[in-house]
Amino acid sequence: MNDQTISYTGPERVFSGVQPSGSLHLGNYLGALVKFVAMQEERDCIFCVVDLHAITVPQDPKRLAAQTREIAAAFIAAGVDPKRSIIFAQSSVGAHAELAWILNCSARMGWLERMTQFKDKAGKDRERASVGLFAYPVLQAADILVYRATHVPTGEDQKQHLELTRDIADRFNRDFDAPGFFPLPEPLTTGPGARIMSLKDGSKKMSKSDPSELSRINLLDTSDEIARKIKKATTDPDALPSEPDGLEGRAEARNLVGIYAVLAGISEAEVLGQFGGQGFGVFKPALAELAVEKLGPVAERMRQLADNPSEVDRVLADGADRAGAIAEGVLKDVRQTVGFWSP
Ligand code: AMP
Ligand code: TRP
């Protein structure tokens, strides 16, 4: 038995993905996109629009490509630099699906059965869920491992999937006596913005699938919509505390203070230093102004890119070439390790 403590020693690389299924909201922006932009300063980054994941539930084939362009445009508008980082569509690099199959044979049914996102998405009628929805986290592991990515920035909701990715990588390395073949990627799922809650219910996360439009701020909302949604956000009647401890048990207040802090790039304590003792009548308009100031230019750039789809297409085509070259190299090693025939 080889020494399984030998770990991966290759270069550091960041990978993350966002599904092209519905419009992006403030949670996606603060939990994912803002982190992506910050990551570029430190490491090589690959950002993927995961359309293979999107089709695990029905999508309109007439709209899917446009949705894919919209997510790519959001990456660019938020500040991902397509020259430095790679931006591409998952389905344009076949290696993801091929590695996913191979990893399906390392992953265990029991591991997937524990995934809470599958339980949530499949709902009561599990028997009618697609096999793809069940195997979804294995494809996610393949996305990451086909680039031997070492760091994965996402919101907190992806923590369980990223822990599974580590288990699958470790299992593969052991099954094929190849210590350090795949890195065990580091989940970057914490920090400010990792869990933005619904504006209507501080116990539910902000989500694309919430039926209430008032629960979320969409990246393409107008300034008026942003201001109106913040004004209508659920709060309690008390004034803001002057210390973060005072937010205990006040989920809605904590969420709004958190959003202000991440948008302004300051701590919750600093926000409360400024607004402690004030009511929401003062805080909400200040938050609305800040949100409009920060999100307005992102929406503006997204609209410009929507009017120039060929610009986004060029980025996606170039990204597919660059990502494909890396993935093919890793997949070649995988095929050899598994023992497939080759000429
Ligand atoms: P999805 O739209 O589910 O593909 O999510 C894209 C990214 O946004 C992932 O990294 C999620 O973890 C992140 N995300 C989604 N909802 C939230 C939220 N309410 N707060 C923070 N991050 C989120
Ligand atoms: N499952 C992720 C989500 O719903 C999207 C995703 C797919 C992803 N592949 C990934 C995230 C790889 C990080 C790394 O948000």
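How far does a polar side-chain atom of Lys-208 lie from an oxygen atom of ligand 1? In this predicted model, the separation for Lys-208 is 2.6 Å, a polar contact (a pair of N or O atoms within 3.5 Å). The protein covers 91% of the 490 Å² of accessible area that ligand 1 has on its own, by the Shrake-Rupley method with a 1.4 Å probe. An oxygen atom of ligand 1 also lies 2.8 Å from a backbone N or O atom of Gly-155, and a polar side-chain atom of Asn-28 is found 3.0 Å from a ligand oxygen.

The shell around ligand 1 holds 18 residues, each with a heavy atom within 4 Å; the closest are Gly-155, Asp-157, Ile-196, Met-206 and Lys-208. Helix H1 (residues 26-39) gives the largest share, 4 residues, helices being DSSP runs (H or I) of at least four residues.

Helix H6 (116-122) and helix H7 (131-145) each supply at least two of the lining residues.

Residues are numbered from 1 along each chain, as its sequence is written. Local features need pLDDT of at least 70, and side-chain atom pairs count only at pLDDT 80 or more, with side-chain values using heavy atoms.

How values were computed: Chains lettered and ligands numbered in written order. Polar contact = N/O pair within 3.5 Å; in protein donor to acceptor, adjacent residues only side chain to side chain.
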